[in-house]
Amino acid sequence: MRRILCLLAALTLLTMCVSCIGQRQINELALVTAVGIENGDKPGTIKLSVQMIRPADARGQTGSPSGGTGQPIYSAQAEGETIFDAIRELGRFVSRRVYWAHNFLIVMNEDYARRGIADMIDFFTRNHELRMNTWVAVTSDSPAELISTITGLEVVPGQAVDNLFKDNRIAGQAPSSNMMNLEEAFLSRSAEPVLARLELVSRGISNKKPLEHGSIKQVELAGAAAFKGEAMVGWVTPAETRGLLFFTERLESGIEVVGCPNNGNKLSLEFRDAKLKIKPSYRNQQAQFQVALHTNADIVESGCETNLAKICQDVERALEDRLKGKIESLLRKARRQYHSDFLKLGDVFRNKYPEEWRKIGDDWNSVFSEAQVDVAVSAKINSVVLKSVGSVK
Amino acid sequence: MPKDQTQQQQAFEPGISDNVATIDSILGASVDVQKREFMLCGNPDRSGVLYFLDGMADSQAIDGILRALVVLGNELNLDPASLSSADAIRTRLMYNASAKPCDKVADGVIGVASGDTLVLVDGIPEGILVSTRGWKDRGIEEPSTENNVRGPRDGFTESIRSNTAHIRRRIKDPLLRFDAMIVGTRTKTDINIAYIEDIVKEGLVDEVKRRLAKIKIDAILESGYVEELIEDAPLSPFNTVQSTERPDKVAAALLEGRVAIFVDNTPVVLIVPTYFWQFMQAPDDYYDRYWVGSFFRFVRYVAFFISLLLPSLYVMLVSFHSEMIPTKLALTIASGREVVPFPVFLEALMMELAFELMREAGLRMPKPIGQAVSIVGSLIIGQAAVQAGLVSPFMVIVVAITGISSFAIPSYSSSLAIRLCRFPILVASGLFGLLGFATMFFALLLHALSIRSFGESYLAPASPYHHSDQRDMLLRLPIWMLDKRPQFAQNRQRSGDRQMPHPPQPTKGEE
């Protein structure tokens, strides 16, 4: 009995010694929601812009009055020789512990990305505190300005970009690139990374001065940045990105506008159930791909003042040409200009020809550049909304 | 050996004066001990004495005894000399329903102490113990601790005999048995062990009797005394004996092959063996339709987990694992805690204690004041403390939900056990985060897995797994599917085949 009591007493004393080790109260943390990376002013340094939340102002009044009706975010910049060095630098002036687990967005400056992002990938995947579903993007503007731009609807800008990425499939003009698929493509020999492009565009309209149209800068998600290895090689336009999404994200639907075959007006088509089939083959030391896209489409808006049933076939051809043009221009860019397989055709090839892959895999980007790629698109408008009444004058 | 006990061991003497002296010395000069002399058939040669306790014995019944002893013999023209044995008096004169001869002083005295009347006649070395128990009882009321919406409203009272009668009225099976025992050297409390002979788990009745017989204690004032003296896991926070005030619960338990232990002077009856899951089950589950029963049983399991774990989960997430909270929620929590000066663990402990304080104060106060306590308490804690920035609104919500959940558990005693288990988990998760939380939770789980209740695993039928018993554990399947008793019962089949009702099938050619 005495021994048990001694043991219990010892255990009780022991729990008092731990003093809540490792404890970090949530209100003693500076939650980071977006981080921007660019080259520092001194050569070889890195400048980090961090957007942190001020919870009391980001969430209005919950609980007792906590003062402060200021900004919901606090953005700060720090420079260091490495990313971690810069983060430690933050500790010199940020009064709370900088906490990274809730980070939504990593945005890199174009110059930094062209120099190489291996250190960024390493840091953000090595640290256990960071999430792998953080969005990663490249911008040609200043990342510091981009992350601290308050959007019209969300209180926290990082969250706004998060929502942009989440609803990305509706616009279908930028890849949903997060840390996970960035690292996946970076480590893979058969694919190259491609990241979304963020831009600051004057879009917002001021409520107080509505006449000054587009006076407020807003973050826009459109286009992509292609990489080769760790370094960015160039931009991909939003139109080409539409073609890219068929390859990387199995894009199923989107809007395309084609000209009416009978007059100069426009016709909007929504393509649905798009399916891309890639058939690789290997002949005479040459890789070949047959890319076939099948899609259904609905007419959602028509300016052609005629019975649509009559022009249906022409519209189908026009849509096919349009999609094909986008895919081909993307292929041209990837193969002729960037020599980088960010379409992940290498994955398809490797799965079909693992033996051959061993021989040519090391030099895949040049094989890919020389490979023959045939694109075939077939579209079918089978909607019942081919109404003739009302659209005929 | 004290003087009293040697006297009690002896048998009655033939001479009445010896017997009177013995009994007087045992019972002493208490005011409620009544001694009434009489003459058998009015014959001065055959004097006799009645002993009874005022207040315990029914005076009308005693009038009847006296009438039989003094007057009836003459009316029947009986010869007083022929009434020479206790048995003769009992069978020829007395018309009380229950009267038995007793030859030991001890039995007679205990009988008097429990409200019976002891009849002694000169020249007969025996006494007659006539059952005259009749004291004021509390009326039958609905048990206030176990309410239900649909189902019988009667509850047990403090009288053991009317309690057993409640069961008899529900189960008219002749194989229903009540075995009597007396426990408590001074209180001599009546204990009845109820079971159905051909259903009860084999050996269970003997085991219960063995454990009850081992009790050596001066007083049993409530069935809680018995519970603590016979339970399997005396050091555990979990109660391995079910207690109830509802006759329908006891009847259902007997029909499942369990044993009920009735203790005199308390409305609370004990049921063994007990599974943990029984504490989550309410009679309503069976009286309402099975959809409703299953749903509310599920709700109660949710309530159980909330009341056990929610404060610990909250403390653990907020103070150690902020990354596990969805970002938007994290922001809201952080903004609520912006001005709170205490660490969340301390905040949780404070609020939990304040809640328990309010509950306890509301319970102990007289009813009108109790309400005032709870109103003031909830105002202070719900409104003022948040406004003053002492606690965060989230913590108030967490504690309130936890409190409400613990009230949703039907068994009051086990909800107390869960409430106690909450604190070690809270401390562990406040000090060590997820690690402490998981360790303490599994320690509790392993402990619950290790204990038994009268030979049955506490967490059965979940572990060890009994397939057919699953129908009445997490869910309450329809009555027509509950055709088996628990796996420990002797006779497992409880209903016929194909009991599922259906509309009559139209026979061919009838339409």
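Before the first entry, I noted the cut-offs: buried means under 20% relative accessible area, exposed means over 50%, and partly exposed lies in between. I also kept in mind that this is a predicted model.

Entry, cysteines. I looked up A:C312 and found a relative accessible area of 9%, so A:C312 is buried. Then I turned to A:C6, which counts as partly exposed because its relative accessibility is 49%. I asked for disulfides over all chains too, and the structure holds zero.

Entry, the contact in outline. How many residues does each chain bring? I got 30 residues from chain B and 30 residues from chain A. The area buried between the two chains came out at about 2,600 Å², with carbon and sulfur atoms giving 59% of that. On the chain B side, I found that B:T327, B:L331 and B:E338 supply 23% of the area this chain buries against chain A, more than any other three residues.

I counted two salt bridges between chain B and chain A. B:E338 turned up again here, forming a salt bridge with A:R96, and their closest N and O atoms are 2.4 Å apart.

Entry, the chain B side. Which helix of chain B gives the most to the side that touches chain A? It is helix 12, with nine residues. Sorting the residues of that side by type, I got 17 nonpolar, nine polar and four charged.

Technical notes: Residues numbered from 1 in each chain as written. Chains lettered and ligands numbered in written order. Predicted model: local features only at pLDDT ≥ 70, side-chain atom pairs only at ≥ 80, totals over all residues. Heavy atoms only, no water. Contact = heavy atoms within 4.5 Å. Buried area = accessible area lost by both parts, 1.4 Å probe. Salt bridge = Lys/Arg side-chain N within 4 Å of Asp/Glu carboxyl O. Helix = DSSP H or I, 4+ residues; strand = E, 2+ residues; numbered from the N terminus. Nonpolar A, V, L, I, M, F, W, Y, C, P; charged D, E, K, R; others polar. Disulfide = S-S within 2.5 Å. Buried < 20%, exposed > 50% of the residue type's maximum accessible area, 1.4 Å probe, protein only.
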